[in-house]
Amino acid sequence: KGSVGRKRLDWGGTRRARAGAWSAPAMFGFTELEVRTYLILTLCGGLQILINQIEQPYARSLIVCDTPVNTTLGAEPSGSDHCGDRLHVIGEGARLSGGGDSLENCGRFIITLFVSGFADSHGRKAAAIVGWVFITASVFLFFLASFIKPWAKVFFIAAQGLQGMSGIGLIVEIVTRDIAAQIGGDTTAVYTRKNGLGMFLGFVFFGQVLYIQYAGITEFRPVWACILTFTLVVLVGLVAVFPETQAKENQQNKDRGSIVSIVKNEFGVYAGMLKNSQFMRCALLEGFFNNASGGFNIIIVPWMMAMFGYSQLELLMMMMPLAFLGFVFNGLVPGLCGKYGHRRMWTLCYWTDKIIDYGGIPFLTYSVGWMPVPVFIQYMRSPLGGMGNIVEASMAHLIDQKDSAKWAAMMQLNGFFTGSMFSFLFSRVFNPEATTQVGRLAPFMLANFIKIGAVVTYARGLHSLYLEATDKLTASASDSAAPAAEDSDKKKD
């Protein structure tokens, strides 16, 4: 019995031994568990960034009209080989992309009802694999649309719907919370490392988007063939390398009931959580307003293309340094929190962001030099990018670990529900041929009017709760720093 016991300990050991192995540093401050999960999940996120960034130029390449394409040397490209009217291509492409984005959000809403329960009953790894199968099928439909032109728009919208059915974004949040709970200690550092790696790989994939724009590609078959190959490689990685992160004590063996019973059970759980938590109620309402105003993002690039006459490549070149700045500034706010306290930095960053947001509205149709004011505003906000790490870390103190998966699902559902409506709405409000100031600014005015509801909800229901959570973050960071300081002193002695 003793030899068998030792053999078992050497193979996997007790849960404590495994947790110690997971939390041991592997490289660049990442633990082994973080390397095996974040590397694959950030590749998934990077691929989705690439797909999302080329969806709009791909949509414009599908637009057909009676205006012939100007093929003379030096002529401004319209974005489509089948229509020479640039503003028409921009407007119709935005509407096609907006319709596809609405269906994508519908797909996200539907699948999220099942993902959290599936991840609880079958494990995080199984949920990630199933989700990535949907992404692979989506890419295949995009690829197929380039061959069957009469059905291209149908395949385009259906592909976006399948992409929404993946649930990968929710799985990333669930896995990150699992890792933060298993590693323990400074939860802000866990989210900072994860977001930093995501920003780095996002920067890499963003460079590929720039090349596609620079090449002026209107025939996307080679592009989709490469992406399809990469998605299959990632799928193999999920099967072969990705570990199971769910704690054994949280695993549930749920019966596989009917679809109606599963959905009913999910909504019953959500209702119980909202009834017992003021934070959840207010955060869900704030998220509704923020996500509704975020529907504007679907037309921000086409809006600047029509307003300022830039191509998408030129706009992406302007915005490319933002990805690098996001990577650079990712640790700025958490670092300042260590010096000045989480409470003070939270308050300063939140209201600074709102002042920048609303203060720039009257100047949105102008440029700072050659840079449109909407892009310039994003540069002004880039030092605040690390605030997202504080938001996510605060959630670890405001939401019980056992409720984290359901809460993440609830917030995702909130975003997808609003996105399914407001992406379509903003694509219809956008008029690339508007001549009046009101007509040009209509999407911005609508978005910022909706955001007022988020600010009021935060001020009345969330401000004090977040401040309490930031105090706990400061305390946990101090507790984690104390042993490290003692070890350093011992080494010096």
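## Reading helix pairs and cavities

User: Which angle and which axis distance describe the packing of helix α11 and helix α18?

Analyst: Helix α11 (residues 278-293) packs against helix α18 (residues 404-429) at an angle of about 25°, and their axes lie 8 Å apart. Angles under 35 degrees count as roughly parallel, so α11 is roughly parallel to α18. Keep in mind that this is a predicted model.

User: Why those two values?

Analyst: Two packed helices are described by the angle between their axes and the distance between the axes.

User: Which residues in α11 and α18 meet?

Analyst: From α11, the residues in contact are Phe 279, Met 280, Ala 283, Leu 284, Gly 287, Phe 288, Asn 291, Ala 292 and Ser 293. Their partners in α18 are Trp 407, Met 410, Met 411, Asn 414, Gly 415, Thr 418, Phe 422 and Phe 426. Sorted by class, this contact has 11 nonpolar, six polar and no charged residues.

User: Let me try another pair. At what angle do helix α3 and helix α6 pack?

Analyst: Helix α3 (residues 32-61) and helix α6 (residues 152-164) pack at about 160°, with axes 12 Å apart. Over 145 degrees counts as roughly antiparallel, which means that α3 is roughly antiparallel to α6. Their crossing is left-handed.

User: Which residues of α3 and α6 meet?

Analyst: On the α3 side you will find Gln 48, Ile 51, Asn 52, Glu 55, Tyr 58 and Ala 59, and on the α6 side Phe 156, Gln 160 and Gln 163. This contact holds four nonpolar, four polar and one charged residues.

User: And how do α13 and α16 cross?

Analyst: The axes of helix α13 (residues 312-329) and helix α16 (residues 373-381) come within 10 Å and cross at roughly 10°. That makes α13 roughly parallel to α16. The crossing of α13 past α16 is left-handed. Met 318, Met 319, Pro 321, Leu 322 and Leu 325 of α13 touch Val 375, Gln 378 and Tyr 379 of α16. By class, that gives seven nonpolar, one polar and no charged residues.

User: Which residues line the second largest cavity?

Analyst: Its lining consists of Tyr 58, Ser 61, Ser 146, Lys 149, Thr 218, Glu 219 and Phe 220. Two of these residues are nonpolar, three polar and two charged.

Note on methods: Residues are numbered from 1 along each chain as its sequence is written. This is a predicted model: local features need pLDDT of at least 70, side-chain atom pairs count only at pLDDT 80 or more; totals for chains, interfaces and linings use all residues. Side-chain values use heavy atoms; hydrogens and water are left out. Axes are lines fitted to C-alpha atoms, for helices over the stretch in contact, and angles run from 0 to 180 degrees between N-to-C directions. Helices (H or I, at least four residues) and strands (E, at least two) are DSSP runs, numbered from the N terminus. Angles under 35 degrees count as roughly parallel, over 145 as roughly antiparallel, 65 to 115 as roughly perpendicular and the rest as oblique. A crossing is left-handed if the near helix is turned anticlockwise from the far one by less than a right angle, and right-handed if clockwise. Contact means heavy atoms within 4.5 Å. Ala, Val, Leu, Ile, Met, Phe, Trp, Tyr, Cys and Pro count as nonpolar, Asp, Glu, Lys and Arg as charged, and the others, Gly among them, as polar. On a 1 Å grid over the protein atoms alone, a cavity is a set of points where a 1.4 Å probe fits but cannot get out, and a pocket is an open set with protein on both sides within 12 Å along at least five of seven lines; lining residues have an atom within 4 Å of a point.
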